[in-house]
Amino acid sequence: MVVGLDIGTTKVCAVIGEKNDNGTLEITGVGTSPSTGLRKGVVVNIEATLQAAASAIEAAEMMSGREVYNVWTGIGGSHIDGINSRGVVAVTGKNRETREITDEDVLRVLEAARAVVIPMDRQVLELIPQSYIVDDQKGIRNPLNMIGVRLEAEIHIITCSVTSAQNLVKCVNRAGFHAQGLVLQSLGAGRAVLTEEEKELGVALIDMGGGTTDVMVYSEGAPYSTTTIPAGGTQVTSDISIIKNISADTAEKIKLEAGSCWEGACGGDEDILVPGVGGRPPLSIPRGQIEKIIRPRMEEIFCMVKGTLDKLVLSRPLGGGVVLTGGGSQLLGAAELASEIFSLPVRVGAPLPVGGLVEEYRSPAFATAVGLVLEGYDRELQGAAERSGKVRERGIPLFGRLAEWLKREFF
Ligand SMILES: Nc1ncnc2c1ncn2[C@@H]1O[C@H](COP(=O)(O)OP(=O)(O)OP(=O)(O)O)[C@@H](O)[C@H]1O
Ligand SMILES: [Mg+2]
């Protein structure tokens, strides 16, 4: 059994997966609970967060009939940062005659690549090998057993704030569970919605949540850039609430039922009736007016993302375009507006088919939660394969050992 726990700004979602007879993962339980203890993806209220986590897990347990202890927990927020680094070593190899690259060489080169200065208040969250260079041969995914003199590694290092990570782990532990590992939320979302082809061609994944918009750029099959924009769907709702002078709940309802950010995306221009408060007469707002409120905020978020994308030096353009996911990507017209701003093809990404995942949860809002359980399963398999000395898959050799090493260093 593998469990993914996505602790978001607006909702907490737990997903339970179990290995079926064919060896693939099947979803057997999903539970959600509204979240109030986070601000912009970061825990600000331990008690509220642990209660939301406990009730989401409990709901998932009820559905699957299993009891949960270990959970793969997602982490996100503005404190997440990604950098690219490279390291180089001379191949020593066990067999000095042939200079075959061994596990040890790969570990050493990754060790060299991760030697970057990280401030005391930050910790390494993920260490993802992008590709290796053996002598002059570039773009090697798995250098094991190749023959060479010089081994170079290019890696993507994702760091996070130590205290934010500790608070998250504390919530999970205090809720009575064990945080088996922290997984970057956007890696989870990417695992659930992106195809291998898109990652290979280069794609920007934009996870539009309630509090933050997380951007993960994949280039040549591996993560290349990780950034977070501290704005999301909650801002859109509060714009409507402030401008129309209505409660946040009503504004949220209007957004979900009649909101759009692209002219003509929602059809006609009829009026929306908002019930009056305290005996006042109901308020009628034309749909077009709501669009005029929502659009500038969505434009602002996309332009901030574009700003970060424009700064990247990619070896080739984003052939896989842009994929929007997260609850906010369901806003009518989001793909059209994004396509205009990025001048790239855009699609809205829901989780790709996974066994047992019911229709209700095959929505962009559950991409991260579904991805976390898939990613957790991959990591467990990888760790088990390495412990038993079998060949590594996924082009990320030594993943389990790296994860264990990270754990030893930081938990
Ligand atoms: N159909 C919809 N149209 C427009 N917005 C929507 C729709 N459904 C959900 N949203 C918005 O999506 C946001 C929540 O998205 P999501 O559930 O992905 O966030 P989260 O994971 O809780 O937050 P975060 O990832 O920022 O921590 C809310 O702001 C909500 O208003
Ligand atoms: Mg989220």
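**Strands, cores and cysteines**

Tutor: Lys 11 has Pro 34, in strand E3, as its bridge partner. The model is predicted, so local features need pLDDT of at least 70 and side-chain atom pairs count only at pLDDT 80 or more, while totals for chains, interfaces and linings use all residues. Residues are numbered from 1 along each chain as its sequence is written, chains are lettered from A and ligands numbered from 1 in the order in which they are written, and side-chain values use heavy atoms, leaving out hydrogens and water.

Student: How many bridges join E2 to E3?

Tutor: Nine bridges join E2 (residues 11-19) to E3 (residues 25-34), and the two strands run antiparallel. Strands (E, at least two residues) and helices (H or I, at least four) are DSSP runs numbered from the N terminus, and two strands pair if DSSP finds at least two bridges between them.

Student: Which residue takes a positive phi in the hairpin of E2 and E3?

Tutor: Gly 23 does, with a phi near 85 degrees, and five residues lie between the strands of that hairpin. In the hairpin of E8 and E9, with two residues between the strands, Asp 135 has a positive phi near 55 degrees.

Student: Is strand E8 largely enclosed or largely open?

Tutor: Strand E8 (residues 122-134) is largely enclosed by the rest of the structure, because 13 of its 13 residues are buried. Buried means under 20% relative accessible area, exposed means over 50%, and partly exposed is in between (1.4 Å probe, protein chains only).

Student: What does E8 pair with?

Tutor: E8 pairs in the antiparallel sense with strand E10 (residues 150-161) over eleven bridges, and with strand E9 (residues 137-140), also antiparallel, over two bridges. Tyr 132 stands opposite Ala 153 in E10, and its bridge partner in E9 is Ile 140.

Student: In what order do the strands of the open sheet come?

Tutor: The five strands are in the order E14-E13-E12-E17-E18, with mixed pairing. Strand E14 (222-229) and strand E18 (346-348) are at the edges with a single partner strand each, so one side of each has no neighbour in the sheet. Within this sheet, E12 (residues 203-208) and E13 (residues 213-219) pair in the antiparallel sense over six bridges, and Val 203 stands opposite Tyr 218 in E13.

Student: Changing topic, which residues have the most contacts inside the largest nonpolar core?

Tutor: They are Leu 5, Val 71, Ile 75 and Leu 125, in a core of 62 residues. A nonpolar core is a set of buried Ala, Val, Leu, Ile, Met, Phe, Trp, Tyr and Cys residues joined through side-chain atoms within 4.5 Å. Helix H10 (residues 367-387) gives the largest share, seven residues.

Student: Why does this core lie between domain 1 and domain 2?

Tutor: Domain 1 (81-159) and domain 2 (196-351) both give residues to the core, so it lies between them. Those bounds come from an automatic or database domain assignment. A second, separate core has 36 residues, among them Ile 246 and Cys 261.

Student: And how many disulfides are there?

Tutor: The count comes to zero, where a disulfide is a pair of cysteine sulfur atoms within 2.5 Å.
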